[in-house]
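Here are a few notes to go with your look through this model. I have put them as numbered points so that you can check each one in your viewer.

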Amino acid sequence: EVVLLFMPCLEGAMTVVFGRYNFSCVFKDDATLPEYKGSTFRGVLGHALKKVVCALKRQLCEECLLRQTCVYAFVFEGVHHGSGPYPEKKRIAAPPNPYVIEPPLETKTAYKAGEPFEFTLLLFGKANEYLPYFIYAIEQIGRTGIGRRTKGKAAGFTLRTVCSSGRELYSFTTRQMSSFQDLQTNLPDDLIGEYQGQAGMCTVKITLNTPLRLKYRSRLEPDLPFHVLIRAGLRRLSSLLTYHGSGEPQLDYKGLVHRAMDVQVMESSIRWFDWRRYSNRQEQAMFMGGMVGEVTYADVPSEYLPILSFCQEVHLGKQTTFGLGKITVELS
């Protein structure tokens with residue numbers, strides 16, 4: 001069976017620890033947020049986490065003596081926390097960040113005081129150990145505020161609960177953390193059983209829930225051939241396992257990409273979508289284009305299903321930390 005050519009390469013050792021944490025909040029003030037909120041959430045989280053953990057407030061990260069043990073440097077600056085240096089990977093420009101923020105998908109911009117909102121934080125590998133730091137940082141954001149300033153003040157909010165897999169890990173009332181290690185999963189190992197009985201070919205529909213930015217041959221793709229999707233999926237799988245998991249997966253990358261070129265698009269409503277964000281680092285507004293819509297592929301070999309399922313959990317493409325590249329996979 002074709003599926004068995006791929007799955008043994010991932011079983012057992014080839015995994016990355018994965019946690020999905022849902023944050024429920026309530027605004028204390030009227031708030032104005034952008035239509036796409038991922039960049040805003042990522043920006044304030046970075047500032048808050050640095051304030052929470054930074055011991056040498058005026059020290060540049062790259063010159064700091066504590067950077068090898070600093071939570072902020074690990075999460076946002078790509079500094080390795082481990083017994084040795086990151087492995088050298090010429091195909092990967094930089095280590096992937098060990099987190100993804102999934103903001104609310106709604107496009108509304110005006111919120112009233114007392115109105116709830118939610119977002120999800122995905123953590124990979126060692127970053128799961130730092131969940132209490134993330135929770136504390138988000139509580140601090142609630143005090144300083146988020147979104148457009150009104151009368152010199154951004155909108156405050158209260159973090160009510162943090163949950164995972166239906167279990168409450170933290171609440172505003174108790175301000176206590178419960179154990180959460182048993183809620184984490186090992187990807188892609190935990191996805192493999194889902195496809196053990198799937199052999200041959202199937203039709204696969206991919207929905208792009210948030211803008212997907214993929215570069216192929218040094219240009220952003222305006223359409224989504226199957227081999228371009230698989231190239232991106234393999235990069236995501238390889239980079240996360242290499243830098244935040246058990247190591248580089250031993251896969252037939254060239255063979256998988258070559259065979260993917262035979263898969264044809266059956267139907268597509270893919271279109272380009274531009275959204276505007278403000279970069280505090282560059283101090284200017286930027287347009288971040290990406291693909292949205294749906295695409296259906298005919299006669300997809302089942303060897304690709306674990307890759308697609310993995311990417312459905314962890315996002316793919318560029319700017320995943322903002323929540324971009326969120327996909328849904330449907331089989332028929």
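1. A definition to begin with: a cavity here is a set of grid points where a 1.4 Å probe fits but cannot get out, and its volume is the space filled by probe spheres set on those points. Please keep in mind that this is a predicted model. With a threshold of 30 Å³ or more, the count is one cavity, and the space in the largest cavity comes to about 80 Å³.

2. Which residues line that cavity? They are Phe 41, Val 44, Leu 45, Ile 101, Phe 119, Ile 138, Ile 141, Ile 146 and Phe 157. Two elements, α2 and α4 (131-144), each give two or more residues to this lining. Helix α2 supplies the largest share, with three residues.

3. On to the charged pairs. As a general point, side chains of opposite charge can pair when their charged atoms come close. The model has 10 salt bridges by the rule used. One of them joins Arg 20 to Glu 102, with 3.0 Å between the closest N and O atoms. Because Arg 20 sits in strand β1 (residues 16-27) and Glu 102 in strand β3 (residues 99-102), this pair ties together parts that are 82 residues apart in sequence.

4. Another pair worth a look is Arg 259 with Glu 303, where the closest N and O atoms are 2.8 Å apart. Arg 259 is in helix α7 (residues 253-260) and Glu 303 is in the loop between β16 (284-301) and α8 (305-314), so the bridge ties together parts 44 residues apart in sequence. Arg 259 counts as partly exposed at 32% relative accessibility, while Glu 303 is buried, with a relative accessible area of 2%.

5. Glu 115 and Lys 108 also meet through their side chains in a salt bridge, at 2.4 Å from N to O. Lys 108 has 31% relative accessibility and so counts as partly exposed.

6. Next, the backbone. Most residues other than glycine have a negative phi. Ser 165, which is not a glycine, has a positive phi of about 55°. Ser 165 is found in the loop between β8 (157-164) and β9 (167-171), and its relative accessibility of 62% makes it exposed.

7. Where does Arg 175 lie? Its place is the loop between β9 and β10 (185-187). Arg 175 is another residue other than glycine with a positive phi, near 55°. With 39% relative accessibility, Arg 175 counts as partly exposed.

8. Lastly, the surface. Leu 56, Leu 65 and Leu 66 make up a nonpolar patch there, with about 300 Å² of accessible area together. Of these residues, Leu 66 is in the loop between α2 (38-53) and α3 (71-76). Leu 66 counts as partly exposed, because its relative accessibility is 36%.

Technical notes. Residues numbered from 1 in each chain as written. Predicted model: local features only at pLDDT ≥ 70, side-chain atom pairs only at ≥ 80, totals over all residues. Heavy atoms only, no water. Helix = DSSP H or I, 4+ residues; strand = E, 2+ residues; numbered from the N terminus. Buried < 20%, exposed > 50% of the residue type's maximum accessible area, 1.4 Å probe, protein only. Patch = residues over 30% accessible without salt bridge, like charges linked within 9 Å, V, L, I, M, F, W, Y side chains within 5 Å. Areas by Shrake-Rupley, 256 points an atom, 1.4 Å probe, with all protein chains shown as cover. Salt bridge = Lys/Arg side-chain N within 4 Å of Asp/Glu carboxyl O. 1 Å grid on protein atoms, 1.4 Å probe; cavity = no way out; pocket = protein on both sides within 12 Å on 5 of 7 lines; lining within 4 Å.
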